[in-house]
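Biologist: Can you walk me through this one? I'd like to start with the sheet.

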Amino acid sequence: MPDRKARRGKGDKSRQRLRTLLLEDLRQGNFQGTMRRDLREMYDFYLDEDARDRLSAMGRMKRWLHVVIWLLKSLVRKLSPTRRILLIVCLVLYMFSDVRARYGAMDISIDFRLFSFVLLLIILMLELKDKLLAHDELKVGRAVQIALLPKENPGLSGWDIWLYTRPANDVGGDLVDFIRLESGRVALFLGDVVGKGLGAALLMAKLQSTLRTLIPEEGSLEDLGRRTNQIFCRDGLPGKFATAVYLEIGPDEGQVQVLNAGHLPPVVLHCGTHESLPPVAMPFGILSGESYHEQSLAVPPGGLLLAYSDGLTEAFNEAEECFGDERVEALFPALEGRSAEAAGQFILQAVDRFIGDRRPSDDLSLIVLRRWAGSESTSAS
């Protein structure tokens, strides 16, 4: 009896938790917006760009008919062979759900809709199981990735420094890191591996380990770029590469040494103007014999240097509009006079307002350097 009561109590609590969970889901609101976003992501995932272009040229009724057919075909192709067969059987059973036959004097009627529902539920449970297992592995990967990233922003006399990165998925392909050099200078680098997700995250870890190994050894930025590129060409995968920008600053100095491997150029903001240097070399991992060159940027007292990944310029909103270079440049006047962190947060808030409820399409990373004016440097120290 006590065991039966205990089991009944556990069952009541389980049902209560499920009821509470469903009520909480309803209270969260924006159900319509979330469904619209999920349907859009499903449309983009299952239909390639060519199919979407063909659909846009069709009339409304024809387009909806083709969407249903093409989505179903794409779904069937993406399933494993066993689950593909189960789904086909499920659809056949549903289409011929009511089967009637006569056996002697008896009329026999069989409804296969229940079997169809059970098969569909089995497929859904199998797919959910795979997703949850993959999600658990990605959580571990995210924990490892966070452990590899710097725990705090570096401090350096004369400079206010802020580093930031956020992945579009559980793990990302952007890299933000720094190393303190024996000379007292600080090396900061921002990398962006092509693509996103687990594959990009693994290549990001390789880029980080390569740079951390080579930076203290190499005497010049040209050699650093050449050696990094050789390693990526030797050990990388076809079609995979990484852009990167390396910044080296010294205490109370305004000159920034720059190595740019095909990355978006860092920008210096001061007194309403902005200055940048174009990249002069290919990304790492494309041409094994590529040459790399050191550049230099001057940051006046009170000036701001901003380096960012293309997750900023290529952020999309629900209307498929891109944030773009023009919107980034429109933020520049509001960044002056702010601390490094305040400037970075201002940029993030602007991007988040722009994309709205849409899921980020790419990893986003920032390095913001503000050179203290004379009085600020004294008070900060």
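Modeller: One term to begin with: two strands pair if DSSP finds at least two bridges between them. Keep in mind that this is a predicted model.

Biologist: OK. Where does Q255 sit relative to strand 10?

Modeller: Q255 stands opposite A298 in strand 10. Strand 7 and strand 10 run antiparallel, joined by five bridges.

Biologist: And which strands make up the sheet?

Modeller: Five strands, in the order 4-5-6-7-10. The sheet is open, and the pairing is antiparallel.

Biologist: Which strands stand at the edges?

Modeller: Strand 4 (174-180) and strand 10 (294-298). Each has a single partner strand, so one side of each has no neighbour in the sheet.

Biologist: How many degrees are neighbouring strands turned against each other?

Modeller: On average 20 degrees, with direction ignored.

Biologist: What holds strands together in general?

Modeller: Strands of a sheet pair through backbone hydrogen bonds, parallel or antiparallel.

Biologist: Back to this model. How many bridges link strand 6 and strand 7?

Modeller: Four, in the antiparallel sense. Strand 6 covers residues 242-249 and strand 7 covers residues 255-261. Across that pair, L247 stands opposite V258 in strand 7.

Biologist: Which strands does helix 8 touch?

Modeller: Helix 8 (residues 221-235) packs on the sheet and touches strand 6, strand 7 and strand 10. Its direction makes about 25 degrees with that of strand 7.

Biologist: What about helix 7? Which strands does it lie across?

Modeller: Helix 7 (residues 198-214) lies across strand 4, strand 5 (186-193) and strand 6. It runs at about 15 degrees to strand 4.

Biologist: Which residues of strand 10 are on the covered face?

Modeller: Q295 and L297. The uncovered face has E294, S296 and A298.

Biologist: New topic: helix 11. Why does its length make sense?

Modeller: Helix 11 (residues 340-355) has 16 residues, and at 1.5 Å a residue they should span 22 Å. Its end C-alpha atoms are 23 Å apart, which agrees.

Biologist: Which of its residues are buried?

Modeller: Among them are A340, F346, L348 and I355 in helix 11. What covers the buried residues includes strand 3 (159-166), helix 10 (324-335) and strand 12 (364-371).

Biologist: What comes just after helix 11?

Modeller: G356, with a positive phi of about 60 degrees.

Biologist: Is C271 buried or exposed?

Modeller: Exposed: C271 has a relative accessible area of 60%, and the cut-off for exposed is over 50%. C322, at 30%, counts as partly exposed.

Note on methods:
Residues numbered from 1 in each chain as written. Predicted model: local features only at pLDDT ≥ 70, side-chain atom pairs only at ≥ 80, totals over all residues. Heavy atoms only, no water. Helix = DSSP H or I, 4+ residues; strand = E, 2+ residues; numbered from the N terminus. Axes fitted to C-alpha atoms, helices over the stretch in contact; angles between N-to-C directions. Contact = heavy atoms within 4.5 Å. Expected span 1.5 Å × (residues − 1). Buried < 20%, exposed > 50% of the residue type's maximum accessible area, 1.4 Å probe, protein only.
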